[in-house]
Amino acid sequence: MAARATWKGFLKISLVNIPVKVFPATESSGTISFNQLHGECQTRIQQKRWCPRCNREVPNSEIVKGYEFEKGRYVVLSEEDFDKVRPESTRVIDLVQFADESSIDPMYVDRTYYLAPDGPVASDAFAVMREGMKGKVGVGKLALYGREYLVAVRPYDRGIVMHTLHHAAEIRSIDAVEDLNSVTEKVKPEEIKLAKQVIGTFEAPLNLSDYKDEYREGLQRIIDAKIAGEEIVAPAAEAPPRVVNLMDALKKSLDAVSSGKKKPARAEVEKSALKRKRA
């Protein structure tokens, strides 16, 4: 099924405005969703807005938005307050800076979208800017649906992708993870060497399409089996062995990989010998 554009706008670079269509780059349908049911009668649960102080259900007309500035104390904001800072939706992806494509830390990426030219007239300008951006990423803002997004735009294959980004204030500092304070700063060179050897044995060209969501597939099998009145018995889970001696664990890892690589080679030799005998 062909992808459908979710909205249209303009990609603005200086005085260049390119009409573009925007397509989600990810599929939310890939996840399995569930409803909450009453286990006794299997009826869907209703969520009600309840005020514990007034001891009654509260209709939408009585609900306001409050910001807790102290424990148990709130300041209430009206829709008029939000309108004072709500940006007008311009549908313009306004790029104001370019940098090397490696400048964007993946931690900042929120969602990803594809951009495509909106109409044949925009196609040429789209292609020229895509090629001109090779190796670079453009950063700017997008005002849409009453809020402002920080975005990064970069060329990708035949098109252009746009990432909505988290602002720096949304990224929690790694210093907030106190457990990292106990991590040793001095590491033995021989352990590093072995660790690199183990890691090197797993190096290969990366193709993420080789990886499947095994949890989702397993869950779907259970759902299909239950619909068919069958039951699936899960295999017993094995706890991973505890690492008592790092050097021993690294050496055993290398041995396991080496023996694993030798077995297919021996099998190929035996298969070749068998073919020669038959010939």
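Buried means under 20% relative accessible area, exposed means over 50%, and partly exposed lies in between, with a 1.4 Å probe and protein chains only. Keep that to hand for the helix below.

This is a predicted model: local features need pLDDT of at least 70, side-chain atom pairs count only at pLDDT 80 or more, and totals for chains, interfaces and linings use all residues. Residues are numbered from 1 along each chain as its sequence is written, and side-chain values use heavy atoms, leaving out hydrogens and water.

**Stop 1: helix α2.** Select residues 120–132. Helices (H or I, at least four residues) and strands (E, at least two) are DSSP runs, numbered from the N terminus. Colour A122, F126 and R130, which are buried. Seen down the axis, the buried residues of α2 fall within an arc of 70° (taken from the directions from the helix axis to the C-beta atoms), so they line one face. Now pick V121, D124, V128 and G132: they are exposed, on the other side of α2. Why does this happen? An α-helix has 3.6 residues a turn, so residues three or four places apart point the same way.

Stop 2: Show β2, β10, β12 and β13; the buried residues of α2 pack against them (contact means heavy atoms within 4.5 Å).

**Stop 3: the strands.** Select β1 (residues 7–13) and β2 (residues 16–24): they run antiparallel, joined by seven bridges. Two strands pair if DSSP finds at least two bridges between them. Find L11, opposite I18 in β2.

Methods. The expected span of a helix is 1.5 Å times one less than its number of residues.
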